[in-house]
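Here is a short briefing to read beside the model. Keep the sequence and the 3D view open as you go.

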Amino acid sequence: MAKKIKFNLQVNGASVSSLESLQNNFNIEDILEHFKSGLLMRWLEVQGLETELKEISKLSEKSDNFALAQGILEIFDMDKELDKNALKITLADINYKEYKENLLKTNEDLEKNAKSFLREYHDKFRDIIWDIIKNSENVEKIKSNLKIIENDYFDLFLLHFQTLVSVFKTNAPLALIFGLGTEKIRKMLLAYINIEEAGDHNKYCYIGDEKIDVDDETKEYLKSINLKPIDYLSYGYFEAISKVVYNSLTFDYRKLRDVIKKFEGSTDGLWRDLVARNKRVLVLEISNSAKASQIPKDGETNKPIGIDEINGSFIILNGLNFQSSNNNAYIVYVEL
């Protein structure tokens, strides 16, 4: 009988040689990939993990990724270790990755299939936007779709920027809010929100124009992503965007209160933790009688900031502390 040759499984960048090591380096995306290729079952077999192999073999490749992930998590006793919302976002990324792989397989000859490929590319972008609108209060779906836009459709996002902001402000304001929590879309929105009044609002503003007061880092970023298709956009329009992103919270506040949170009241001048340090927080508004701070590291102290640094700037903090001696004080924020 041929001897079974043991091998290590690559999971989360680590070379795994035992069940304990697998659990310590658990990454559902890698495990799902190994399951679908059959490598996971071979590894379990040569490692002598017969119980896990028997249970894994019962899972069907035809099941959707969420069902497979749930089954795998239970088998490896990891179902209580992973945050369910984070798992949903990860699985959405996996589903989209598989979609791209299948798309490439069916378009091996891109020259011959250029038109159909581009049509499908644009159709997929339209579907992503429509998915955001249909799920306008589903935070996980919005965040996942914004991530896809940044990674694969950012050029189309730039081309349709005016239209998308107008659509989102009416039909999916959370897309603007969580857009401010991304990397590229945030810079795009803030670049325009922070453009100062350029005299006559009927004139056009050119991104990168020395007359426009945009910080150097933002100018370099805008140059790097080549904004030529939308170089000339009126200042008045983007002044309106600023109001949309900021003031529209009043319009939808009751509908979105599970996401957009408001703390009111006095803390007797003491710092109160509102959000843990391991979470990113987008601060939308604070009253003039209050201060905020990200939660300091061990050995550090709070660095208070107030209305001048916060309102209209959409700053992001690691955790959130709040301080006030006024019963009417408040702060409005979103956990990213």
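Predicted model: local features only at pLDDT ≥ 70, side-chain atom pairs only at ≥ 80, totals over all residues.

The chain holds 15 helices and 9 strands. Of its 336 residues, 43% are buried.

**Overall figures**
- Contacts in the chain with a separation of 6 or more are 70% between residues 24 or more positions apart.
- The chain has an accessible surface of about 19,500 Å². Carbon and sulfur atoms account for 46% of that surface.

**Nonpolar cores**
- In soluble globular proteins, nonpolar side chains tend to be buried together.
- The largest nonpolar core in this chain has 38 residues. Within this core, I149, F157 and F178 touch the most other members.
- Helices giving two or more residues to this core are α7 (114–134), α8 (139–152), α9 (154–159), α10 (161–171), α11 (173–179) and α12 (184–193). Strands β6 (272–286) and β9 (330–335) also give two or more.
- Look at F178 with its neighbours within four places in sequence set aside. F178 then contacts V139, I142, K143 and L146, along with V259, V334, E335 and L336.
- A second core is separate and has 25 residues. Its members include L49, I72, L73 and I75.

**The α3/α4 pair**
- Two packed helices are described by the angle between their axes and the distance between the axes.
- Helix α3 spans residues 39–46, and helix α4 spans residues 50–57. Their axes come within 8 Å and cross at roughly 155°.
- Angles over 145 degrees count as roughly antiparallel, so α3 and α4 are roughly antiparallel to each other.
- The crossing of α3 past α4 is left-handed.
- From α3, the residues that meet α4 are L40, M41, L44 and E45. Their partners in α4 are E52, L53 and I56.

- Most residues other than glycine have a negative phi.
- N12 has a positive phi, near 55°. N12 lies in the loop between β1 (9–11) and β2 (14–16). Its relative accessibility is 45%, so N12 counts as partly exposed.
- D268 also has a positive phi, near 55°. D268 sits in the loop between β5 (260–264) and β6.
- Is D268 buried or exposed? D268 is exposed, because its relative accessible area is 66% and the cut-off for exposed is over 50%.

Note on methods. Residues numbered from 1 in each chain as written. Heavy atoms only, no water. Helix = DSSP H or I, 4+ residues; strand = E, 2+ residues; numbered from the N terminus. Buried < 20%, exposed > 50% of the residue type's maximum accessible area, 1.4 Å probe, protein only. Contact = heavy atoms within 4.5 Å. Areas by Shrake-Rupley, 256 points an atom, 1.4 Å probe, with all protein chains shown as cover. Core = buried A, V, L, I, M, F, W, Y, C linked by side-chain atoms within 4.5 Å. Axes fitted to C-alpha atoms, helices over the stretch in contact; angles between N-to-C directions. Parallel < 35°, antiparallel > 145°, perpendicular 65-115°, else oblique. Left-handed = near helix turned anticlockwise from the far one by under 90°.
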